[in-house]
Amino acid sequence: MTTQADIEIVGAGPAGLTCAIILAKAGRRVTVREWRRDVGHRFHDDFQGLENWTARQDVLAELAEAGITADFAHHGVRKGIVFDSRARPHPVQGKRPLFYLLRRGNADGTLDRALLDQARAAGAKVRFNDHVETAAGNMVLAGGPRRADIIAVGQVFDTDMADGAWLAVNDALAPKGYAYLLVHAGRGTVASCLFTGFHDQAKYLAATVEFFQRHAGLEIENPRPFGGFGNVRLARTAMQGGYPVVGEHAGFQDALAGFGLRYAIRSGTLAAHSLLGGTDYTRAWREQLLPGLRAGVVNRFMFNTTGARAKDYLIGRVGEGDTAPALARTYGLSLPKRLMFPLARLRYRAPLKDPSCNHLNCDCVWCQHGTHTITKT
Ligand SMILES: Cc1cc2nc3c(=O)[nH]c(=O)nc-3n(C[C@H](O)[C@H](O)[C@H](O)COP(=O)(O)OP(=O)(O)OC[C@H]3O[C@@H](n4cnc5c(N)ncnc54)[C@H](O)[C@@H]3O)c2cc1C
């Protein structure tokens, strides 16, 4: 790629738009090509959490450093309640926000709308209703998940409830997953996040609503159903056909809980810097993202193989003291986790299968064949 070549980015999600903002601010000509007619079509004005525990640096400072303004509606959440399998509440709290609550979709104030506006203000063009099927020229692939390994089913609603954040780790509400309730300023999101048992999603959502009504005083007005899916796999490559792949398209997602936002923003940033500075994107994501992704796989393996009692004990421990350092340790790739990783990957191989290839002649945007020879990158 010559230094002044035009760049096309496939997908106007957080990963693609972050990459576009950085490139456009550096003076590059950028076009973002988005399949749908607006940003955020996968989302429904539902609350999501931008986690703030995997790095010492506050995630908003990280955004600022990358050149992204936090001009989307957001709210730092410092405390919450985690229910264990026996519905016992464990308060959790952080000295700094544990996560930032934000909204996803295409409405004003959502993360997606704010990033779109910033990309345009920086000079990037954004083309909607543009379904890219073949990769060509200078592209960054940021097309989001390729298949559903996790689904979330829930409701967004209005409420008079006080603000709060609640999580329940209970197979009767969300098998191998978790249920959550987030309320802020008269809006709420309640959902069951399932890692299995997808066919019974209606049953799990009903159980989740009933659970939070009983244990958190959930009050729902004007409910609107929503659902979504995520893809969990351990990227073996984030170069496909010679193109950098970012965000969930590359499989950058926490395998334990499905947090993908910070990975999307970080990988979009790394790809942009590699294009600007001629640095090696593969080396950068392996250094900066792979340890966390691996820790996520080990965490998921431990979560799947640990009984309810042991999980209850661990939930109790996380609630002792400041929760942020405890979560940081959980998400770090410690020596025991390094040793456990090969077993975790083996046991968790099926859902982690990465069907992409990094063959230089691959021009499929959604590479699913995986039949090309893997070249070492
Ligand atoms: C219900 C739900 C709740 C979640 N909650 C959280 C949370 O609390 N915290 C968190 O960190 N993460 C959460 N996640 C995950 C997070 O939303 C994703 O990891 C994140 O959106 C990934 O961003 P992305 O830019 O990689 O992909 P996306 O946001 O999916 O954007 C990809 C874009 O590419 C477009 N596209 C795809 N293919 C093409 C093509 N061929 N041509 C043109 N355009 C194309 C799509 O239309 C889409 O707009 C949640 C996910 C779901 C579904």
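Two points on conventions. Residue numbers start from 1 along each chain as its sequence is written. Because the model is predicted, local features need pLDDT of at least 70, side-chain atom pairs count only at pLDDT 80 or more, and totals for chains, interfaces and linings use all residues.

Domains, then. The assignment gives domain 1 (7-75 + 99-144 + 239-294), domain 2 (150-230) and domain 3 (296-350); such bounds come from an automatic or database domain assignment. Between the C-alpha centres of domain 1 and domain 2 there are 26 Å. Contact between these two involves 13 residues of domain 1 and 11 residues of domain 2, where contact means that C-beta atoms, placed from the backbone, lie within 7 Å. On the domain 1 side, the touching residues are 4 nonpolar, 5 polar and 4 charged. Here nonpolar means Ala, Val, Leu, Ile, Met, Phe, Trp, Tyr, Cys and Pro; charged means Asp, Glu, Lys and Arg; the others, Gly among them, are polar.

Now the ligand. Which residues come nearest to the ligand? Of the 37 around it, they are Gly11, Gly13, Gly144, Gly247 and Gly260. Elements giving two or more residues to this shell are α1 (14-25), β3 (46-51), β14 (221-230) and α5 (261-277). Helices (H or I, at least four residues) and strands (E, at least two) are DSSP runs numbered from the N terminus. The shell has 13 nonpolar, 16 polar and 8 charged residues. Domain 1 and domain 2 each supply at least three residues to the shell.

β3 also sits in a sheet. The sheet is open, with 3 strands in the order β3-β7-β4 and antiparallel pairing. Pairing requires at least two DSSP bridges between two strands. From one strand to the next, the twist averages 35°, taken between N-to-C directions of lines fitted to C-alpha atoms, on a scale from 0 to 180 degrees. β3 and β7 (residues 99-104) are joined over 6 bridges, and Asp46 has Arg104 of β7 as its bridge partner.

Last, Gly251, in the loop between β16 (243-244) and α5. Why does Gly251 count as buried? Because it has 26 C-beta neighbours inside 10 Å; buried takes 20 or more other C-beta atoms, placed from the backbone, within 10 Å of the residue's own, exposed takes 12 or fewer, and partly exposed is in between. Gly251 and Pro145 are 106 residues apart in sequence, with 7.3 Å from C-alpha to C-alpha.

Notes
A residue is near a molecule or strand if its C-beta atom, placed from the backbone, lies within 6 Å of it.
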